[in-house]
Each structure stands twice: as C-alpha cells, then as structure tokens.
Amino acid sequence: MPAQSSRKPGRPLPACTDGPPPPAAATGLRADARRNRDRILEAAREAFTIHGIDVPITTIARRAGVGAATLYRHFPTRASLVTEAFAAQMASCVAALDDALADPDPWRGLCSVIEKVCAMQATDRGFTAAFLSQFPDAVDHERDRTRAERGLAQPVQRAKDTGQLRADFHPADVTLLLLANSGVVGESQQVSLAASRRLAAYLLQSFRSGHTEPLPPLAPLGLQHIHQPPPTH
C-alpha cells in the first residue's frame with residue numbers, strides 16, 4: 001500500500017455523470033503565473049500516470065520546476081489539482097455516456113461507450129486511477145463510483161430492453177470487462193490500444209443476444225475493485 005502523503009481534505013471530485021468540473025481560476029494571472037500553472041498541471045498528469053495519485057506533492061512541484069508553496073497557491077488541495085488535471089478526460093467520460101444514451105440504436109450505443117472507456121483506460125491510466133482508486137480524505141470516490149455505475153447501467157438496460165443484449169448480462173459484467181482490459185495495459189500506448197480494441201471486440205460479441213449457454217454465477221464486483229490492491233496475508 002503506498003505511503004499516505006499529508007494533504008488537506010478538499011471538495012469531492014465530480015462524478016462521471018455530472019459533467020466536467022469548472023476550471024480553477026486562471027483569469028487575471030500574470031503571464032509567468034499562468035505558465036507556472038500550466039507546468040504544474042502537465043507535471044501532475046505525468047506524475048499521476050507514472051506514480052499514482054498518492055505521489056507526493058513535492059514530487060509534482062519538482063517536476064514542474066516550482067516550489068511547493070507556488071503549487072499550493074494555484075491548487076490548495078490535492079482534490080483541486082486532480083480535478084483540474086483531468087478536466088478534459090472527465091468531459092470525454094460525460095460525452096461518451098451522453099452519446100450512448102442518445103444513439104437510436106441501443107446496442108451500438110452500448111458498444112460505443114464500452115469501446116471508449118476501454119480505450120481511455122488503455123491510453124490514460126492516470127485518469128482511470130484518479131477516478132477509481134482509493135483516495136482517502138480528498139475525494140469521495142465511493143459516491144462517485146456509485147453514480148458512475150448507475151450511469152453505465154442505463155445503456156446496459158436499454159440494450160437489454162430491445163433484446164440486443166443477452167438477458168443474463170449484469171452491469172457488474174462491465175467491471176469484469178474493465179478488469180480484463182487493465183491486464184493488456186503496460187506496453188507502449190500503441191500496443192495497449194490495439195490489444196484493448198481486440199479484447200473489447202471479442203467480449204462485445206459474447207455479450208450479444210443469441211448466446212444461450214448459461215454462464216457461471218455472477219461475480220460481486222463493483223468499480224472499486226478495478227484498482228484495488230490484492231489482500232495481504
């Protein structure tokens with residue numbers, strides 16, 4: 001388990017279904033202060049991807065070439081830094097769900113959102129870790145995961161209601177898919193994305209109605225299991 005870094009509680013990271021958070025105030029900044037802010041955000045995205053969201057704030061500040069005090073002036077809490085660092089990815093998450101629900105073909109909408117989420121997981125591990133991992137004292141991930149699961153359940157139910165999705169499919173099976181998809185991440189981004197697309201295509205074909213062989217019992221999985229470390233003995 002990574003060491004806990006000291007941090008102050010911040011406001012919760014908005015859920016995937018709520019839309020992107022408002023950007024931190026950047027208007028009125030001097031040119032040098034705006035450059036510092038941009039460097040901090042770039043360094044934070046890189047550090048979260050490489051080291052995880054518990055990376056020390058001082059490491060992000062060093063990577064950005066600024067002091068910790070400068071970083072805290074722009075982003076007083078770790079939560080505010082995570083929120084702003086991944087604002088664009090959060091917007092993409094919202095758009096993927098909206099597009100799936102707006103698609104007149106429920107099966108195509110479901111396939112689209114699953115393919116997009118898998119691609120995001122394969123190419124931007126920092127965002128998926130920030131949204132799904134445990135983040136004590138800064139982000140209420142339990143609430144966010146619950147709302148994300150509800151959002152994913154809607155395109156699942158639409159496809160099932162039209163008979164395009166096999167009747168025994170459960171929204172928890174999306175978590176199973178993402179767990180499998182996380183296993184192909186680790187090579188170059190190009191290789192990870194290609195492997196992710198192929199895996200998603202294989203699994204989506206098996207999800208379609210017409211497969212009548214019974215499945216083993218449902219695994220009680222939620223989004224919180226995707227980045228959960230294995231238990232220690």
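How many aromatic pairs does the structure hold? It holds two, where rings of Phe, Tyr and Trp (its six-membered ring) pair if their centres lie within 6.5 Å, with planes under 30 degrees apart counted as stacked, over 60 as edge-to-face and the rest as tilted. Before the details, this is a predicted model, in which local features need pLDDT of at least 70 and side-chain atom pairs count only at pLDDT 80 or more, while totals for chains, interfaces and linings use all residues. Residues are numbered from 1 along each chain as its sequence is written, and side-chain values use heavy atoms, leaving out hydrogens and water.

Phe48 and Phe86 make a tilted pair, at 5.9 Å centre to centre and 35 degrees between the planes. Phe48 lies in helix α1 (residues 31–51) and Phe86 in the loop between α4 (78–85) and α5 (87–102), 38 residues apart, helices being DSSP runs of H or I with at least four residues, numbered from the N terminus. Phe48 is buried, at a relative accessible area of 1%, buried meaning under 20% with a 1.4 Å probe and protein chains only.

As for Phe169 and Phe207, their ring centres are 4.7 Å apart and their planes at 65 degrees, so this pair is edge-to-face, and both residues are buried.

Turning to the cores, the largest nonpolar one has 23 residues, and Phe48 is among those with the most contacts inside it; such a core is a set of buried Ala, Val, Leu, Ile, Met, Phe, Trp, Tyr and Cys residues joined through side-chain atoms within 4.5 Å. Its largest share, six residues, comes from α1.

How values were computed:
Helices (H or I, at least four residues) and strands (E, at least two) are DSSP runs, numbered from the N terminus. Buried means under 20% relative accessible area, exposed over 50%, partly exposed in between (1.4 Å probe, protein chains only).
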